Every structure is written in C-alpha cells, then in structure tokens.
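Welcome! Have the sequence and the model in view, and try each exercise before reading its solution.

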Amino acid sequence: MSDEKAGQPGTSGGTARKHTALPKAQILIEALPWLTRHNGKIVVIKFGGNAMIDEDLKAAFAQDVVFLRQAGLKPVVVHGGGPQINAQLDKQGLVSEFKAGLRVTTPEAMDVVRMVLAGQVQRELVGLLNQHGPLAVGMTGEDAHTITATKHSPQVGGETIDIGRVGEITAIDTGAIEALLSDGRIPVISSIARSADDHHVYNVNADTAAAALAASLGAETLMVLTDVEGLYADWPHSDEVISRLTVSELEKLLPELSSGMVPKMEGCLHAVRNGVNTARVLDGRVQHSILLEIFTDSGIGTMVVPDDPQPGQQPGGAE
C-alpha cells in the first residue's frame, strides 16, 4: 500500500503543501549570525521607563532576557524605579524634589528608595524571570561591595549644592556577578551603592550604574531602555532617529541633549570609551525591542560605537 493510499502524503503531496511556518524559519535564520557573534558574551541591560509600569511590556522584557540566556548570551539586568519611588514617597507624605536633574535623597527618602528598589521592583522582576525557570537572582550594589560610591555634590551656577544620599560611583567589584553568570544565573541589580567613606548607603543613577558595570564586566554591549525611539537628530523639529554614531560624534551632541537623555547617553559614552563594543538606546515601549535590536539585520534605536571600527564590526544596522 502506498503512502497516499494509507492517507499519508507522499512525495508529491509534501512538495505541494504550503508551509505556513516558513517565515518563522526565515526569521530564525536571520538571527543566526547574531547568535553566533554574541554567543557567550555579556549583555548589560538597563531596565527603565514605561516598560517598568506596563504589565505586558514587563512580561515581554522578561521573555527577552530569558531568550538571551537560553540563546547562549549572559544577560545582566540593572534597574532603577523612579515611578514606584515617587508613588511610595507620595504615600508616606514625603516630597519628591529634584535639583540638577537628580532626586534630592534625604535619609527618610533613602529608606524608601532602598525598600522600593530591593523589596518591590527587583522582587517583581526576579519573579517574572523565574516563571521561566530557576534563573534570576536579585542583589543590590551593596551586596559583596558590587558598587561603591561617595557623596555626589553637583555644581549649579558655580555653587555646590547638597542633594543628600545621592552617590557618585568610585569602584565596581564584579566578583559576585561573575559567579552568578558562571552558574548560569541572571543577576538583577538594584542601583543602590555602599559608601566608600561612611556608614550610609547611596542612591545612584541606574543609567550610570549600568554603564559602569558594563565596562567593568567587559560586556559586549550595553542596552538602555527608554521612552523614546532613540536619539533624535533634530528634536523637536524632526523625529528622525540617529541609528548609529561614534563616541566623538556623541560628545559633540551632549551639550544639546534634553536633561533626561543626558545620563543615558553619558552612560553609553562611558561604556564604549571603556571597552564595551557597542551601547544602544532602545524604545522600551516596543515589545521585544531587545530581540529586534540584537538579532535582526536592521536593528532599532540608536547605537554608539568606538571611533575606530573594531575588527568584524559592520556599519549601520544592528552592529
């Protein structure tokens, strides 16, 4: 009895059938060179913006990070928690004040920052990641002296101002993170630092912390999630996004940037200057933006690269 007579497709039936799943295979094939290039490499991701407060975006972010890990990369997640901190400060009747673009962090506010970052935002993110397996481990910059800082005293109009328990990073110890990565885990790090010279803890900017960790870990790339498409060429006159620029080009643009974008782009600048191959600013409002950036030929967002192209580096697109 032939295959056809048995109700099973033979050669002719198999070739005639339209394979509706073929586009999926083509997408996977497109990802192959990027999977090969990034295999075994560390990727530091700064989680922030709208992706932190939208349930669907949070779930998609967790899927992306787990996918990176299962695809052979070593993701490290760094997060802040501005919206959640503001909500908790309001709940406790504490005023949110900003000077020089940074949150004025009183001792009372620091208690709230520590509680929200390590006890709420981090816990939720670890829980989302661990729905996919025993993968994520939460920690703060205080743990194992991972991030050390001194008091940050910014200058405004030539005058030094006091913004409380806000820290300036002075040292990074990656030992605990590297141990977790070697064990196949995904470190999730809250942007709180131990003090270098007193017994306090400090609130540090999460963009800055992610960049410092990426440089110290020798990461392949730093990815910063934002609430915009990337760095605009001529905002507000145009919504054209700069897809790729060098550190020298970025340095020239820095004085013109909006205050919210400055720490993100300064972080990208620091990372690439200190050995990270690429730094990318992505629109965290787009589901699976991380995968689109890393595993497609076109890429999205803005990518910062060294002035001298690295061996094998390709212009434009995702790398």
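Predicted model: local features only at pLDDT ≥ 70, side-chain atom pairs only at ≥ 80, totals over all residues.

Residues are numbered from 1 along each chain as its sequence is written, and side-chain values use heavy atoms, with hydrogens and water left out.

**Exercise 1. Describe helix H2 (residues 22–38) from end to end.**

Step 1: Helices are DSSP runs of H or I with at least four residues, strands are runs of E with at least two, and both are numbered from the N terminus.

Step 2: H2 has 17 residues and spans 25 Å from first to last C-alpha. That is close to the expected 24 Å, taken as 1.5 Å times one less than the number of residues.

Step 3: Look at Leu32, shortly before Pro33, for a kink of about 35 degrees. The bend is the angle between axes fitted to the seven residues ending at a residue and the seven starting there.

Step 4: Ala31, Trp34 and His38 are the buried residues of H2; buried means under 20% relative accessible area, with a 1.4 Å probe and protein chains only. They pack against strand S15 (278–283) and H10, where contact means heavy atoms within 4.5 Å.

Step 5: Just after H2, Gly40 has a positive phi of about 80 degrees.

**Exercise 2. Find out which residues Val65 is in contact with.**

Step 1: Locate Val65 in helix H3. Val65 has a relative accessible area of 0%, so this residue is buried.

Step 2: Set aside neighbours within four places in sequence; Val65 then contacts Ile45, Pro75, Val77, Leu129 and Ile186.

Step 3: Compare Val65 with Leu291: they are 226 residues apart in sequence, yet 8.8 Å apart in space, C-alpha to C-alpha.

**Exercise 3. Work out what lines the largest cavity.**

Step 1: A cavity is a set of points on a 1 Å grid over the protein atoms alone where a 1.4 Å probe fits but cannot get out; lining residues have an atom within 4 Å of a point. The whole structure has 2 cavities of 30 Å³ or more.

Step 2: The largest holds about 70 Å³, a volume being the space filled by probe spheres set on the points, which are joined across faces, edges and corners.

Step 3: Its lining includes Leu57, Phe61, Asp64 and His288. H3 gives the largest share, 4 residues.

Technical notes:
1 Å grid on protein atoms, 1.4 Å probe; cavity = no way out; pocket = protein on both sides within 12 Å on 5 of 7 lines; lining within 4 Å. Buried < 20%, exposed > 50% of the residue type's maximum accessible area, 1.4 Å probe, protein only.
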